[in-house]
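This briefing looks at how the parts of one structure touch one another. Please keep the sequence and the model at hand while reading.

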Amino acid sequence: MSQVTHTVSFVGESSQAKVDSGASVLQAARDAGVDIVATCGGRGRCRSCRVKVVEGTLPPPTLADIVQLGDQEVGEHYRLSCQLRVNDNITVQVSPPLHETAFQILVDTKVPKKGLTVDCGVHKVHVQPTLPTDENDATSDLEEVLRGTGLTPALSLDTVRRLPDMLRQSSAGLTITTFDGTVLSLESGDTTKQAFGLALDIGTTTVIGYLIDLISGETMATVPGLNPQAVFGGDLMSRIAFAMESTTNVRKLRSRLIGFINEQIGEACSQGGIQRKHIYKIVVVGNSCMHHLFLGIDPKFLGCAPYAPAMRSAYACAAREVGLKVADGARLFMLPLVAGFVGADTLGMILSTHLEVGSKIRVAVDIGTNAEAVMGGQGSLLACSSPAGPALEGAQIRCGMRAAAGAIERVSVDQDIHVQTIGGSPAVGVCGSGLVDAIAALLDVGVLTTSGRMIAEGPLPAALDKRLRTGKDGIAEFVLVWSGDDGARQDLALTQADIRQVQLAKAAISSGVAILQHQLGVTDGDIDEFMLAGAFGNYLGMRSVRRIGLIPDLPPSRVRFVANAAGLGAQMALLSESERQRAELLGQRIEHITLATHPEFQKVFLDAISFPEEVVEYSESD
Amino acid sequence: MSNMESLVEAVKAGEEEDAVTYVKAVIEEGHEVVNIVASLTDGMREVGDAFGKMELFLPEMVMAADAMTAAMDELKPLIEASAAGMVAKGTVVIGTVEGDVHVIGKEIVVRMLRANGFEVHDLGYNVNTLDFIKKAIEVKADIIGASALMSTTMPNQRELVKLLTEMGCRDDYHVIIGGAPVTQPWVEEIGADSWGENAAKSIEILEGIAEKIGKNNV
C-alpha cells in the first residue's frame with residue numbers, strides 16, 4: 001500500500017509541502033522552507049512553534065499542547081507544530097511570524113575604541129604602471145604593476161585572469177590592496193579611500209555585523225539580526241543535536257547562516273553607502289558551535305564529553321573560502337576558542353575588557369543560555385561556562401517572553417506592584433529584566449522566602465495580598481498584572497514553578513563565578529570589578545541582580561555593564577593587528593575550569609539556589 | 001511533641017544532628033524498628049509531596065534525604081538484628097549516560113533513593129551503555145536509571161534500551177530515564193518504562209515499582 005500524502009499550506013506563504021500522513025507540521029514547514037522557530041528543537045517543551053489551524057480537521061490537543069498553550073489558546077485552535085500530526089490537508093498560520101517579531105538586540109553604535117591605534121594590516125596603494133613595451137624585456141603585467149612596491153605577488157587566480165585587460169583599460173592606474181605585505185586584490189583607478197572591514201559577532205540567538213572604515217576607524221553601519229538557524233532549535237544543544245542527525249543538516253545550518261550574513265553585509269553596505277568588494281578584512285567571534293558551523297565543521301563532538309572542539313587556535317583563511325561575498329582576496333580571521341563551551345565570544349569579551357591586565361581581581365560574565373564567566377587578576381585568567389538555561393530570557397516561564405514590545409521590563413513595589421512595559425505597549429508577558437525585578441520585589445515585601453517559597457510570611461498590604469493566590473494546579477502564584485490593567489488581555493502571574501526555574505538559572509551563573517573565586521581563593525569582597533556583558537545583562541536592574549544573588553553583593557561602583565563586549569573585542573581585532581595578536585596569545589593563556597565535574601560544584605550550586613537574606617542598600621554615590 | 005514526632009520533624013527539616021539525637025531517643029524508648037522506619041518513610045513522603053507542589057526545592061530535599069540517611073544508619077544494626085531483617089526495596093543501577101558529565105540531578109535521586117531504602121549502585125557520569133547492563137546483571141538489579149542532561153546525549157538512553165532488548169534482558173529491568181531535556185514522548189519513543197521528571201517524581205514511581213516486585217517490606 002502506498003503511503004498517503006497530504007498538503008500542508010501556510011497562510012501568507014506561497015510554498016506548500018506534501019508530506020506523508022503522520023508527519024509533523026513543523027517538518028512540513030521545514031520541507032516547504034517556511035520558518036517556524038522551534039526553540040526547544042521540536043520536543044514539545046516550549047511554545048515557540050505554535051501555529052493556528054485555520055483549515056482542515058482540527059485534531060484534539062496533545063498533552064504538550066495543553067501544558068504549553070493553555071486552555072484558551074487550545075480553544076482558539078492553536079497547536080504546537082512539532083506535535084501536530086498531518087492526517088488531512090491542512091492550512092495553518094505561523095504565529096508569531098518571525099519577521100514581525102521585533103526583538104531588542106543590544107548594539108552599541110558609540111563604541112569606546114578610544115586609545116586604539118588603527119593598525120588593521122590592510123593597506124592600499126595607487127600605482128600608474130607602465131605597460132610592457134619590448135619583447136626583449138623579461139617582464140610581465142604583474143611585474144610591472146608591482147614594480148617598486150616590494151610586494152609579494154600572491155594573487156588569486158581570478159585576479160590574475162582579469163589583470164591584462166584591467167591594466168590596459170584603466171587610464172587612472174590601479175589600486176593595490178595588501179594585507180601584511182601580501183597583495184589581496186587589484187582594482188582599476190584610485191580606490192585608496194575605500195577600505196572597509198567587518199566584525200561579526202555570531203551568537204546562537206543573534207548575529208550582529210559591524211561595518212567599519214579601516215582608515216578612520218569609524219563604524220559605518222551596525223546590522224543586528226536573529227540567527228536564522230533558530231528554526232532548527234533555539235538553544236545551542238538542540239542546534240548540535242540537529243547537526244548530529246545528518247551531514248545534510250550541518251550543511252543546512254551552515255548555508256542558512258552564511259546566506260543570512262551575506263544579506264547582512266548587503267544591508268550594511270547600503271547603509272554605509274559602500275560596495276561589498278571594498279571589504280578586505282573580517283574578524284569573527286562566536287561560541288564554539290557557531291564558530292564550527294560558520295566554517296562548516298561538524299559540531300557533533302561538541303555535544304558529547306569531552307566536548308572537544310575541532311581546533312582552538314586562531315584561524316585565518318580567505319573570506320571566499322567560507323562563501324562570504326566581499327572583496328575577492330579578503331582575509332577572514334576567527335578568534336581562538338578556549339574550550340567546547342567557552343568560545344571566541346568569550347575571548348572577544350576578555351579582549352575588550354582587558355581582564356588579563358593588572359593585579360586587580362576582575363570578573364566578567366556574559367549572561368545567556370550558557371553563561372560564560374571569566375576571572376582575571378594576580379596573573380591568572382580563568383574561564384568557565386555554566387548551563388543557565390533559557391529562563392532568564394523568558395523561556396520556560398509561564399508568561400515569559402523575549403524582550404519585545406509589551407514585555408514587562410521593570411517592576412517596582414511599594415504598597416502595590418508597578419510595572420513598565422517595553423514601548424509602553426499593553427502588557428503581554430514578562431522578559432528577563434522584568435522577571436529579575438519582580439523576584440527582587442517579592443523578596444523585599446516578604447512574598448518570597450529566601451528558600452524561594454512563595455508564601456506571605458507576615459501581613460501584606462491589601463493590594464499585594466490580593467495578588468498572591470493559589471493557581472488552578474494548586475501551586476502558588478503572584479499576579480503581576482490583572483487582566484484589563486495596563487491593557488493586559490489576561491492575568492499575568494509569576495508562579496512558584498517560574499521562581500524555581502529562575503533559581504536554577506541564577507544558581508548556575510553565580511556558582512560558576514563562585515567556583516572561579518574558589519580556584520583563586522578570592523572572597524566576594526576581594527572582587528574589584530564585576531562586569532555584566534551580553535545583550536541581556538545590560539537591561540538588568542543593578543539592585544535586583546544583587547537582591548536575587550545573581551551577582552555578589554558589591555557596591556554599585558564596582559559593578560559595570562559592558563554591553564556587547566564580545567562584539568567590541570571583534571571590532572578591536574579588526575582595527576588593530578596588535579589586538580588581534582593579543583587575542584591569539586590570550587587564547588593560549590586562559591585556564592578553563594570544568595564545572596560539572598568540579599568536586600565543589602554540587603555543594604556550591606545547591607547553596608546558590610537560595611536567595612540572599614538581604615542586601616546592602618547603597619546610595620547613588622557609592 | 002513526642003520524640004518520635006520530633007524525629008520526623010527533624011528529618012523533614014533536614015536537621016541531620018537533631019535526627020540522630022531523636023532517633024537515639026526513640027530507640028531508647030523501645031519503639032519497634034518497623035514503626036520508626038514507617039514514621040520516617042511517611043515524613044519523607046511528605047517532603048516529596050511538598051517538592052511536587054514546589055513548596056520545597058532541591059536544597060531542602062537533599063538536606064532531608066541526608067537527615068533520613070543519618071537516622072537510618074543509626075537504625076541499621078537494629079534492623080539487621082531483628083528477626084524479619086530488612087530487604088532493600090529494590091536494587092537500582094544508575095548513572096549519567098556516555099558523553100554527558102552532568103551529575104547534580106542524578107546524585108539527588110541517588111540520595112533520595114538511599115534515604116528511602118533502595119540499594120543503589122551509582123556508576124557516576126559518562127557511563128558506557130554496556131557498563132550499565134553489566135552492572136545490572138552483576139548486582140541482580142531491578143531498576144536501571146539513566147540520566148541525560150543534553151539533547152545531544154539523549155540518544156544514549158535509546159541505545160541502552162536497544163542494547164537491553166538485543167541482549168534479551170529488556171524485561172528483567174524497569175528502565176527509568178531522566179534529565180532536563182527528557183519528555184514523556186521521548187520515554188515512549190525509545191521504549192523506556194518511566195520518566196523521572198524530577199527527583200521526587202522518580203522516587204514516587206520507583207516506590208510503586210518496589211511494591212509491584214514485592215520487595216517493599218521491612
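Within chain B, 13 residues of domain 1 are in contact with ten residues of domain 2, where two residues are in contact if their C-beta atoms, placed from the backbone, lie within 7 Å. This is a predicted model, in which local features need pLDDT of at least 70 and side-chain atom pairs count only at pLDDT 80 or more, while totals for chains, interfaces and linings use all residues. Residues are numbered from 1 along each chain as its sequence is written, and chains are lettered from A and ligands numbered from 1 in the order in which they are written.

**Between the domains of chain B**

- On the side of domain 1 of chain B that touches domain 2 of chain B, α3 (33-52) and α4 of chain B each supply at least two residues, helices being DSSP runs of H or I with at least four residues, numbered from the N terminus.
- The largest share of that side, eight residues, comes from α4(B).
- By class, that side of domain 1 of chain B has eight nonpolar, four polar and one charged residues; Ala, Val, Leu, Ile, Met, Phe, Trp, Tyr, Cys and Pro count as nonpolar, Asp, Glu, Lys and Arg as charged, and the others, Gly among them, as polar.
- Domain 1 of chain B covers 3-81 and domain 2 covers 91-212, with bounds from an automatic or database domain assignment, and their C-alpha centres lie 26 Å apart.

**Between chains B and A**

- Chain B places 23 residues in contact with 28 residues of chain A.
- Both α4 (58-81) and α5 (104-115) of chain B supply at least two residues each to the side of chain B that touches chain A, and α4(B) gives the most, with four residues.
- The residues on that side of chain B comprise eleven nonpolar, seven polar and five charged.
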